[in-house]
Amino acid sequence: MKTKIKDSKYDTKIEASDWRFSAAILGLMQYLSHHNFDFEVDDEYLLYNSQDIDEEKYLQFIEYKYSGELHHTVVESILSSDDISDGQVKIVNEKLIANTIMKKHFNKIKFDGSNKEQILNIISKNRSEIAKETFGKKSNLYANYISVNMKAPIELFKEEQNYCRLVGYSCSDENRKSNSIGYNFVKNNYVSSDILEFDFIPLAFTGDREAFFINDNFTLQRLKNTNYTLAKKVELDQGTESKNIDARQSLFKGIIESADFIDYDVEIIFKDKEKEYFETLYFRKDVINILKELKNSNFNYKSICFSYKINEKYYINIQKEVTNSILNNIVLDEIIELILKDKEKKDRRLKNNSYLVNQLININVLIRGDKEMKDRLKGSFACAKQVAEILPSNKIDSYRQKLTSSIIFKDYDRVCQILLQLSNYSNIEFGFVYDLYENFEDNKDLAYTFINALSKNKDKKADENN
């Protein structure tokens with residue numbers, strides 16, 4: 001909530017009343033700090049002077065914060081060097097025509113090594129226009145969060161309006177009758193809030209294709225520290241692993257690797273640039289505890305960071321499926337069965353798929369909350385390995401195929417029958433089968449573990465995981 005105040009050092013107060021105001025506050029604090037403007041932070045609100053909200057200053061901060069994302073700042077960075085390679089010349093020329101506003105000023109200009117000053121002068125004279133249009137219309141920056149008309153010049157700091165400027169928050173069409181925006185077609189039933197400070201919301205998010213804002217607003221200092229931790233984690237991962245690493249991976253790795261990153265229920269706002277709305281992820285304490293337990297196990301987060309090809313047009317993002325399952329306490333049975341099925345086909349699209357299945361089973365156990373299951377899984381694993389030592393490969397393959405097929409088709413009685421047949425055939429007692437007879441759904445991970453381990457070929461990583 002935003003309030004005008006009088007007879008004070010500051011004329012504006014903004015409180016973290018919901019995630020939009022929290023994000024606006026976080027963006028404002030970054031901006032005000034960068035320009036050394038005077039402001040005051042309390043646990044629940046920010047005090048500042050409205051005169052410090054200035055478009056030119058805003059754009060200067062944008063150039064600083066997103067220097068690697070804006071075409072003209074990349075060009076300036078390259079041209080500031082005395083030694084420019086052929087590859088950099090190519091990058092400059094690509095950037096000069098990278099979007100509509102750059103084409104407007106550089107359409108007939110090509111960098112050839114001798115016209116550096118000409119290009120820099122054009123950027124200097126048109127800096128605000130170029131920065132505003134590039135930032136405003138880039139799909140992973142301003143346009144990802146704020147409703148903009150891509151055919152019209154970008155407007156910053158529009159005054160408060162009757163509908164929220166954020167994408168997905170306005171159900172109204174300005175060209176239609178206003179009554180259509182309210183419940184039961186009554187305008188007064190329409191509830192919305194909008195302030196010009198919402199233009200600072202994009203500054204609060206971390207990420208590119210998927211971006212996150214952690215609404216950890218127990219105090220505003222906590223809000224700042226938590227999101228700073230996430231931003232630094234993403235920056236570190238990009239520097240040490242891959243420039244294309246996403247914020248989701250850094251977010252979950254940060255929670256897994258740091259027990260103090262989040263230690264109570266918290267709301268995380270998620271924005272996928274492919275979607276015209278915001279989504280909310282709730283990290284409850286039980287979910288956070290699951291992630292913290294993974295920290296103390298042999299869980300390797302990289303093992304789930306890939307997309308699995310179903311066909312030419314459809315891929316499953318395994319990382320996204322796993323993290324969403326953890327967040328929503330949904331077991332990973334479908335993914336486990338998919339990988340077991342492909343393992344049966346000897347599908348080479350997945351390397352170390354036995355190890356991956358074991359990782360997913362361990363997550364399943366944490367989601368189910370069965371503290372005794374870990375020891376029982378070891379028993380199931382040991383039985384499978386004992387059978388594999390005794391039976392010939394063709395018999396092992398045959399039983400594994402039957403078990404895999406039956407469990408995929410949810411013929412659980414058939415799974416139990418096959419296990420009893422195999423126990424009699426191998427003369428090895430399968431103690432875990434009694435748990436499956438009692439409640440197959442709750443103990444399904446025992447069957448998954450047995451099927452996954454039933455192989456002559458030892459996977460050392462998978463063995464270490466049990």
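Over the ring of which residue does the charged end of K13 sit? The charged end of K13 sits over the ring of Y45, 4.5 Å from its centre. A charge sits over a ring if NZ of Lys or CZ of Arg is within 6 Å of the ring centre and within 35 degrees of the ring normal. K402 is placed in this way over the ring of Y399, 5.5 Å from its centre.

This is a predicted model, in which local features need pLDDT of at least 70 and side-chain atom pairs count only at pLDDT 80 or more, while totals for chains, interfaces and linings use all residues. Residues are numbered from 1 along each chain as its sequence is written, and side-chain values use heavy atoms, with hydrogens and water left out.

**Aromatic pairs**

Rings of Phe, Tyr and Trp (its six-membered ring) pair if their centres lie within 6.5 Å; planes under 30 degrees apart count as stacked, over 60 as edge-to-face and the rest as tilted. The count comes to 25 aromatic pairs. In the pair of Y58 and F157, the ring centres are 5.0 Å apart and the planes stand at 75°, so the pair is edge-to-face. Y58 lies in helix α2 (residues 55-65) and F157 in the loop between α8 (142-145) and β5 (206-207), so the pair ties together parts that are 99 residues apart in sequence. Helices (H or I, at least four residues) and strands (E, at least two) are DSSP runs, numbered from the N terminus. Ring pairs also link Y58 and F157 with Y31, F37, Y66, F135, Y142 and F200 into a cluster.

D199 is in the loop between α8 and β5. Its side chain makes a polar contact with the side chain of Y142 (2.6 Å). A polar contact is a pair of N or O atoms within 3.5 Å; within protein, one must be able to donate a hydrogen and the other to accept it, and residues adjacent in sequence count only if both atoms are side-chain atoms. Leaving aside neighbours within four places in sequence, D199 is in contact (heavy atoms within 4.5 Å) with residues including Y58, F157 and R165.

Buried means under 20% relative accessible area, exposed over 50%, partly exposed in between (1.4 Å probe, protein chains only).

| Residue | Relative accessibility | Class |
|---|---|---|
| Y58 | 0% | buried |
| F157 | 13% | buried |
| D199 | 0% | buried |

**Helix α6**

In helix α6 (residues 116-125), K116, I119, L120, I122 and I123 are buried. Seen down the axis of α6, these buried residues fall within an arc of 160°, so they line one face of the helix. The arc is that of the directions from the helix axis to the C-beta atoms. The face turned away from the buried side of α6 carries the exposed residues E117 and K125. The buried residues of α6 pack against α3 (71-79), α4 (86-96), α5 (100-106) and α7 (127-137).

**The sheet**

4 strands form an open, antiparallel sheet in the order β5-β6-β7-β8. Two strands pair if DSSP finds at least two bridges between them. β5 and β8 (279-283) stand at the edges, each with a single partner strand, so one side of each is left without a neighbour in the sheet. In strand β7 (residues 266-272), 7 of 7 residues are buried. 6 bridges join β6 to β7, and 5 bridges join β7 to β8.
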